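Subject: Structure handover

Hello,

Here is the structure I said I would pass on. Please look through the sequence and the model before reading the notes under it.

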Amino acid sequence: MPLELWLIDAFTDAPFAGNPAGVCLLSEPRSDDWMQAVAREMNQAETAFLLKQDDGYQLRWFTPTVEVDLCGHATLASAHFLWKKRLIKPKGTATFHSRSGVLTAKQKDGWIVLDFPATPAEPCDPPPYLLDALKSKDGVVLRSQFDYVVVVEDAARIRTLKPDTRLLGAIETRGIIITAPGDQPGVDFISRFFAPAAGVVEDPVTGSAHCALAPYWANRLGRTTLVGYQASPRGGIVRVESAGDRVLLGGKAVTVLKGTMEA
């Protein structure tokens, strides 16, 4: 039976920007190896797989090389898919059962708002090569549940940064976030995200990274509601709200391609 497989750009309101994700709606459970093979074929930062359950959908995310525990942009894309397919009412809640617990999504004023677990970052000693790879020896290093976070003070450095991804790939972590105060009106902080060890050299817009960025910048700036910009070549805006042990992530999404898969 053919399976629907869409390509959706997340954290953007225009095609060919933000972060592309594959979304596949399964009719029955499939093996881990099969899902990994599809993700490798799609060759996107993440491909999401949805399977209907009584109270929502099972949701799993795969990069071209590994399954991950949390992914924001592919969850945003999955919610967008369900609303576009009219599998959820416009004012309904999308409920996802994932390796990081129950995640939800709602539509509000033309935006999709995700409810995710916060992953606050704590100061730590930098691992070997990290600051050298980022050319940021004056950076402050933190560690979240999934990633290293490097804080610098000059946004321009982040925009022009060309890291040594070979060195970054040797660091045992899901990914590396580098962040700085915003340098444009309406943007509170900017960031970039690199995950060569997980098969993603640079992720265009990383929702789950903002689960660490939101608590950090909320505490530093004294406000719980902020706007982040991920300054990759594709770029994207993420609205964040730090709410205790949860983070609300707001973004938009655009369908780029609809297809069916015979495999």
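This is a predicted model: local features need pLDDT of at least 70, side-chain atom pairs count only at pLDDT 80 or more; totals for chains, interfaces and linings use all residues.

Residues are numbered from 1 along each chain as its sequence is written, and side-chain values use heavy atoms, with hydrogens and water left out.

Whole chain

The chain has six helices and 18 strands; these are DSSP runs numbered from the N terminus, with helices being H or I of at least four residues and strands E of at least two. The C-alpha trace spans about 55 × 40 × 30 Å along its principal axes. A compact globule of 263 residues would have a radius of gyration near 18 Å, and the chain agrees, with 18 Å (taken over C-alpha atoms; the globule rule is 2.2 Å times the number of residues to the power 0.38).

Of the 263 residues, 56% are buried, where buried means under 20% relative accessible area, exposed over 50%, and partly exposed in between (1.4 Å probe, protein chains only). The accessible surface comes to about 11,700 Å², and 51% of this belongs to carbon and sulfur atoms; areas come from the Shrake-Rupley method with a 1.4 Å probe, and for residues only the protein chains shown count as cover. Among contacts (heavy atoms within 4.5 Å) with a separation of 6 or more, 62% are between residues 24 or more positions apart.

The search ran on a 1 Å grid over the protein atoms alone: a cavity is a set of points where a 1.4 Å probe fits but cannot get out, a pocket is an open set with protein on both sides within 12 Å along at least five of seven lines, and lining residues have an atom within 4 Å of a point. Points are joined across faces, edges and corners, and a volume is the space filled by probe spheres set on the points.

The largest pocket has a volume of about 390 Å³. Its lining has 17 residues, with Lys 108, Val 113, Glu 241, Leu 248 and Gly 250 nearest the centre. Two or more lining residues come from each of β7 (101-108), β8 (111-117), β15 (225-230), β16 (236-243) and β17 (246-251). The largest share, four residues, is from β8. By class, the pocket lining has eight nonpolar, three polar and six charged residues (nonpolar: Ala, Val, Leu, Ile, Met, Phe, Trp, Tyr, Cys and Pro; charged: Asp, Glu, Lys and Arg; polar: the others, Gly among them).

One cavity of 30 Å³ or more was found in the whole structure. The largest cavity has a volume of about 110 Å³. Glu 46, Arg 174, Phe 193, Asp 203 and Thr 206 lie nearest its centre, among 17 lining residues.

Single residues

In helix α1 (residues 32-42), Trp 34, Met 35, Gln 36, Val 38 and Ala 39 are buried. Thr 47, in strand β3 (residues 46-53), is buried at a relative accessible area of 0%. Residues touching Thr 47 include Ala 39, Met 42 and Trp 61.

Pro 163 lies in the loop between α4 (155-160) and α5 (165-169) and counts as buried at 17% relative accessibility. Pro 163 and Ala 133 are 30 residues apart in sequence and 5.4 Å apart in space, C-alpha to C-alpha.

Regards

Note on methods
Lists of a residue's contacts leave out its neighbours within four places in sequence.
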